[in-house]
Amino acid sequence: MCGIVGYIGDKKATPILIDGLSKLEYRGYDSAGIAVFRDNDVHVEKYKGRLSVLADNVKDKDYDGTIGIGHTRWATHGAPSDENSHPHTNQSGNIAVIHNGIIENYMKIKEWLIEEKGVTFRSETDTEVIAHLIDYHYEGDLLDAVFKSIEKMEGAYAIGVVCKDEPDKIVAVRKDSPLIVGLGKGENFLASDIPAILKHTRDIFLIENDEVVLLTKEKVTIFNELRQVQAREVYKVTWDVESAEKEGYEHFMIKEIHEQPKGIHETLHRRLNKEGIIELDGIKITKEDLEGINRVYIVACGTAYHAGLVGKYAIEKFAKIPVICDIASEFRYRDPFIDENTLFIAVSQSGETLDTLAALREAKRKGARILSVVNVVGSSVARESHDVFYTWAGPEIAVASTKAYTTQQTAMYMIALHMGLTKGALSRERYDEIIAELGTMPEKVQSILDDFSAVQHLADTQFNNESVFFMGRGLDIDVANEGSLKLKEISYINSFAIAAGELKHGTIALIEDGTLVMALATQDRLYEKMLSNIKEVKARGAYVVAIAKEGNKEVEKSADTVIYIPDTMDELTPILSVIPQQLFSYYVAVARGCDVDKPRNLAKSVTVE
Ligand code: AGP
């Protein structure tokens, strides 16, 4: 949940590190720091707070070093402070370490270092043990000392190390945390994610798990855990740095909300052949496979889990196979019944969420077939799956996920339709009808984005609410969960999503005069039921905002405000009904002066358990 960068070459490292960290701040922004060489010594600058604090502090210090490492932090062990910021060093300060992840056995190592080596620790972090451990093993060969140190470390880590006595190299390690290497001419780069180095190169080495990398300005050498040199194909990045920039929007979130028509179009049309049949990029799920599958699990976290709920509905509806949708952090400790007849679908934007990765490994260990729906190409979840369905949403920078969600929904519909047709559970006629309607989603989303003045007005008048309820029935409750999460995570309003039929069994006690209730009423077969639920909360004084399909005007008689979405079939409304909720959350957060792209206490990909 932190961001790491490294540079080795002939240019001044400091501005390259600071710029790289600015592209990784979505991963954590509690503190930032760099270690750069100057006058044959390693200089560390690290400060609590945003990257700008570090940048202000180093701008007048002419660090001319051409080798350095940098870090932006999401605190796990030790509160945000200067001492707990990275890089961490050994006692003499000649070894500096940056780290993303968690060293699970750090306390044991720390106690051992204190007792055995009388080491004095300056910080409360798990990371500092790495610097002292490398120091303990150091006998003039940094690479060797790093190899010996990682043998003792348990947990998830991507680390970068520099040493005063070996000013011509950077050593890095990857284990269950993202790490890539950028290849330049006479220079090389290290980073947690592509946007940090895309300005300098499109040629990337994707580092595998348990690999150690030695970077010099001329060469990059990759070793496996047995210290054997590994060959690696260069991965060429196709998207451009601009797509990781704001392009005139005030925030990445609103930019990414507006990119949804393109993302959905890309995710859908890249896989429709001339006959209008879905081709799942080399994912071979045959009729026999499907007949063999007796259970589908969809497992994920947060917004991706909410997309999974739509997937459960679609696969059960179109393919007639029972689906269990579970949150990853609970899944693996439930000892779930899984065998070779189980299809396990992991959903993840980043592909690095450790809870989801751990659940995937558990399912794989038990013999399941692993299909993942992922946005980041080459990420861990993708690499550890049997089949991958990439959502083509482009890089998603804002912590609050939006375009990844609607492309994940699109992926879920496509997988369900493919399974339904292949299995013969869905007629070709019905299949074509749904595909055709799915094809209208980009323009229908665009029509909502072309005029959302009603939503903006609502946000401007309702942003002071301290608690908001979302309710719906059927698919609408799945999407209401996402609407509620968006509002919570960026505006810090205590919001709650509930199945409308469940209200009268307790929660309605919380409804009083002026309580804001977002009521999703997009399911025709449940519309009348929703109208009664709206009347129920109105009777307790609630201010009701309904989201309904164009033409369903009956709801205007009971709701205070109605936000209309374009008409479509019930099954596909989730792609449309989430848009006004994303926009509402965004404009409420802006009105409350929140840091929309970097909400407090959150990070873009959660790489610790
Ligand atoms: C959503 O806005 C949040 N950023 C968070 O809930 C996120 O969906 C969750 O952490 C899963 O992330 P992933 O899709 O990268 O696995």
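Helix H13 (residues 403-423) and helix H14 (residues 428-438) pack with their axes 10 Å apart, at an angle of about 165°. H13 is therefore roughly antiparallel to H14. Angles over 145 degrees count as roughly antiparallel, under 35 as roughly parallel, 65 to 115 as roughly perpendicular, and the rest as oblique. Axes are lines fitted to C-alpha atoms, for helices over the stretch in contact; angles run from 0 to 180 degrees between N-to-C directions. Helices (H or I, at least four residues) and strands (E, at least two) are DSSP runs, numbered from the N terminus.

This is a predicted model: local features need pLDDT of at least 70, side-chain atom pairs count only at pLDDT 80 or more, and totals for chains, interfaces and linings use all residues. Residues are numbered from 1 along each chain as its sequence is written, and side-chain values use heavy atoms, without hydrogens and water.

H13 passes H14 in a left-handed crossing. Left-handed means that the near helix is turned anticlockwise from the far one by less than a right angle; clockwise is right-handed. Tyr 413, Met 414, Leu 417, His 418 and Leu 421 of H13 meet Arg 428, Tyr 431, Ile 434, Ile 435 and Leu 438 of H14. Contact means heavy atoms within 4.5 Å.

A second pair is H17 (residues 475-491) and H19 (residues 573-591), whose axes come within 9 Å and cross at roughly 20°. H17 and H19 are therefore roughly parallel to each other. Their crossing is right-handed. Among the contact residues are Leu 475, Val 479 and Leu 487 of H17, and Val 578, Phe 584 and Val 588 of H19.

The largest nonpolar core has 119 residues; Val 296, Ile 315 and Ile 345 have the most contacts inside it. H19 gives the most to this core, with 10 residues. A nonpolar core is a set of buried Ala, Val, Leu, Ile, Met, Phe, Trp, Tyr and Cys residues joined through side-chain atoms within 4.5 Å. Buried means under 20% relative accessible area, exposed over 50%, partly exposed in between (1.4 Å probe, protein chains only).

Lys 199 is exposed, at 56% relative accessible area. Lys 199 lies in the loop between strands E10 (188-191) and E11 (203-206).
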